[in-house]
Amino acid sequence: MPARTVGPKGQVVIPKRMREALGLKPGVEVIFEMREKEIVIKKPEVSGSYADYFMTTSAPKLKKWVNLKELLETEVDERVSLR
């Protein structure tokens, strides 16, 4: 297992392979859990709409609310009209 050093602000860098395996990108929320003498870091369970979850975890990148249903309907209409 990779070892990391705790920095002066209490920060630890999660190894790149582990971040990639879990899909942890900047802005994604993680949960810390203490189990006896261990600290467990995990992604929260997505409940409800995945779009709502994405909007809350990626808010810094988004400038306004996007209606995904409307966007998909428009895309389908455009593709059908090209046939």
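## Briefing on a predicted protein chain

Val6 lies in the segment before helix 1, where helices (H or I, at least four residues) and strands (E, at least two) are DSSP runs, numbered from the N terminus. The model described here is predicted, so local features need pLDDT of at least 70 and side-chain atom pairs count only at pLDDT 80 or more, while totals for chains, interfaces and linings use all residues. Residues are numbered from 1 along each chain as its sequence is written, and side-chain values use heavy atoms, with hydrogens and water left out.

**Overall fold and surface**

- The protein chain contains three helices and two strands, and along the sequence these elements follow the pattern α-β-β-α-α.
- Of the 83 residues of the protein chain, 10% count as buried, where buried means under 20% relative accessible area, exposed means over 50%, and partly exposed lies in between (1.4 Å probe, protein chains only).
- The protein chain exposes about 8,000 Å², of which carbon and sulfur atoms supply 58%; accessible areas come from the Shrake-Rupley method with a 1.4 Å probe, and for residues only the protein chains shown count as cover.
- Among the contacts in the protein chain with a separation of 6 or more, 14% are accounted for by residues 24 or more positions apart, a contact being heavy atoms within 4.5 Å.

**The largest pocket**

- Rolling a probe the size of a water molecule over the atoms shows where empty space is left.
- On a 1 Å grid over the protein atoms alone, a cavity is a set of points where a 1.4 Å probe fits but cannot get out, whereas a pocket is an open set with protein on both sides within 12 Å along at least five of seven lines, and lining residues have an atom within 4 Å of a point.
- The largest pocket has a volume of about 630 Å³, where a volume is the space filled by probe spheres set on the grid points, which are joined across faces, edges and corners.
- The lining of the largest pocket is made by 17 residues, of which Val12, Ile14, Met18, Ile39 and Ile41 lie nearest its centre.
- Helix 1 (16-22) and strand 2 (38-42) each supply at least two residues of this lining, and the largest share, three residues, comes from strand 2.
- The lining residues of the largest pocket divide into 15 nonpolar, one polar and one charged, with Ala, Val, Leu, Ile, Met, Phe, Trp, Tyr, Cys and Pro counted as nonpolar, Asp, Glu, Lys and Arg as charged, and the others, Gly among them, as polar.

**Salt bridges**

- Side chains of opposite charge can pair when their charged atoms come close.
- The count comes to four salt bridges, where a salt bridge is a side-chain nitrogen of Lys or Arg within 4 Å of a carboxyl oxygen of Asp or Glu.
- Lys16 forms a salt bridge with Glu20, the closest N and O atoms being 3.8 Å apart, and both residues lie in helix 1, four residues apart, about one turn of the helix.
- Lys16 is exposed, with a relative accessible area of 53%, and Glu20 also counts as exposed, at 53% relative accessibility.
- Glu33 and Arg35 meet through their side chains in a salt bridge (2.9 Å, N to O); Glu33 counts as partly exposed at 26% relative accessibility, and Arg35 counts as partly exposed at 40%.
- The side chains of Arg79 and Glu75 meet in a salt bridge (2.6 Å, N to O), and these two residues are four residues apart in helix 3 (residues 68-81), which means that about one helical turn separates them.
- Arg79 counts as exposed at 55% relative accessibility, whereas Glu75 is partly exposed, with a relative accessible area of 34%.
- Salt bridges that share partners join Glu33, Arg35 and Lys42 into one network.

**Two further residues**

- Val6 counts as exposed at 54% relative accessibility, and Val6 touches Gln11 and Val12, not counting residues up to four places away in sequence.
- Glu36, placed in the loop between strand 1 (31-35) and strand 2, has a positive phi of about 50° although it is not a glycine.
- Glu36 is exposed, with a relative accessible area of 81%.
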